[in-house]
Amino acid sequence: MTSGRSVTTEMVTSRQTQEVQGQIVMAKKFPRDYVASCNRIMQACQRKGLAEKAMYEYPRGGTKVVGPSIRLAEALAQNWGNMSFGIVELEQKAGESQVMAYAWDLETNTRQEKIFSVPHIRSTKKGNVTLTDPRDIYEMVANQGARRLRSCILGIIPGDVVEDAMDQCNQTLIGKADKPIIDLVKDMAAIFEKEFSVPLEAIEKYIGCKSTAFSMNDLVRLKRVYTSLKDGMAKREEIFELPGVEKKEAEDAFAGKTKKEEKPADGQQKLDLGGGADKAK
């Protein structure tokens, strides 16, 4: 959390607090039905579209790190009920944005909040590039904020509910294949080649066998890896052994440092990334 918040930051945070206080009253009046909430989450995880993007995976220290993605975290919060969550750009100045990601359980008054800085800089192979286009800045802030939002939501939702949701997503992917496994593998390999320039040989080395022997569980693993790359959780050279590219240790996408463990946690602009308050019914 950034020390020495500005007056603008404090004002926005205070206003956000006042808005949620009214929602807390409604949440107390109409508390969640835990059985119904869990059932809604399980039903959401039976959707193939969500299940395919529900988890990330990348290797670290000889093991694999697997966890729920931001897409699954959002689905959990939406179906858990009586939660307020989102990302707010508090202020923008001096080439950086001050951003707040938060998740608030309106019934228990449990809150997770992260305030952080996002420099308006994009790293490229040719060096750092300063961002000046408002859309580029918005996308950079949204991307960085989504990672913190995921951590906030997972700090609120009970761990056993998250684990059950992940298990259901695995079952959904395994049980709803609409093509022969060999065709699904070919499609996935083509996507990796087109979007990340990862050849089939590198994928086979990662899985540990020829593509003709891939199982549905192996395909699920590749979908998680794809989600990791797409969401910026890891880089291709941290996962695959590529010709002419030195393999690197995966880094913590939240802090920019090597991961040690994986735990199941002057202008103003509000960023809408699909989060928000789930109104009491």
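**Strand pairing, helix packing and buried residues**

Tutor: Let us begin with the hairpin: strand 6 and strand 7 form one, with two residues between them. This is a predicted model, in which local features need pLDDT of at least 70, side-chain atom pairs count only at pLDDT 80 or more, and totals for chains, interfaces and linings use all residues. Residues are numbered from 1 along each chain as its sequence is written, and side-chain values use heavy atoms, with hydrogens and water left out.

Student: Which residue of strand 7 stands opposite Ser-123?

Tutor: Opposite Ser-123 stands Asn-128.

Student: How do helix 7 and helix 9 lie relative to each other?

Tutor: Two packed helices are described by the angle between their axes and the distance between the axes. Axes are lines fitted to C-alpha atoms, for helices over the stretch in contact, and angles run from 0 to 180 degrees between N-to-C directions; those under 35 degrees count as roughly parallel, over 145 as roughly antiparallel, 65 to 115 as roughly perpendicular and the rest as oblique. Helix 7 (residues 181–196) packs on helix 9 at about 20 degrees, with the axes 11 Å apart. The two helices are therefore roughly parallel.

Student: How do the residues in the contact of helix 7 with helix 9 divide by type?

Tutor: Contact means heavy atoms within 4.5 Å. Among the residues that meet are Leu-184, Met-188 and Phe-192 in helix 7, and Leu-219, Leu-222 and Tyr-226 in helix 9. Ala, Val, Leu, Ile, Met, Phe, Trp, Tyr, Cys and Pro count as nonpolar, Asp, Glu, Lys and Arg as charged, and the others, Gly among them, as polar. The division is 13 nonpolar, no polar and three charged.

Student: Why is helix 4 oblique to helix 5?

Tutor: Helix 4 (residues 70–80) and helix 5 (residues 134–154) have axes 9 Å apart. Residues that meet there include Ala-73 and Leu-76 in helix 4, and Leu-149 and Ile-153 in helix 5. Helix 4 is oblique to helix 5 because of their packing angle, about 45 degrees.

Student: Which residues of helix 9 meet helix 6?

Tutor: Helix 6 (residues 159–175) packs against helix 9 (residues 216–230) at about 120 degrees, with the axes 10 Å apart. From helix 6 come Asn-170, Leu-173 and Ile-174; their partners in helix 9 are Met-216, Asn-217, Val-220, Lys-223 and Arg-224.

Student: Is Ser-228 buried or exposed?

Tutor: Ser-228 is found in helix 9, and beyond four places in sequence it touches Tyr-56, Glu-57, Tyr-58, Met-233 and Ala-234. Buried means under 20% relative accessible area, exposed over 50%, partly exposed in between (1.4 Å probe, protein chains only). Ser-228 has 0% relative accessibility, so this residue counts as buried.

Student: What is the C-alpha to C-alpha distance between Leu-50 and Thr-172?

Tutor: Leu-50 belongs to helix 3 (residues 48–52) and, at 9% relative accessibility, counts as buried. Leu-50 and Thr-172 are 122 residues apart in sequence, yet their C-alpha separation in space is 9.5 Å.

Note on methods: Two strands pair if DSSP finds at least two bridges between them. Helices (H or I, at least four residues) and strands (E, at least two) are DSSP runs, numbered from the N terminus.
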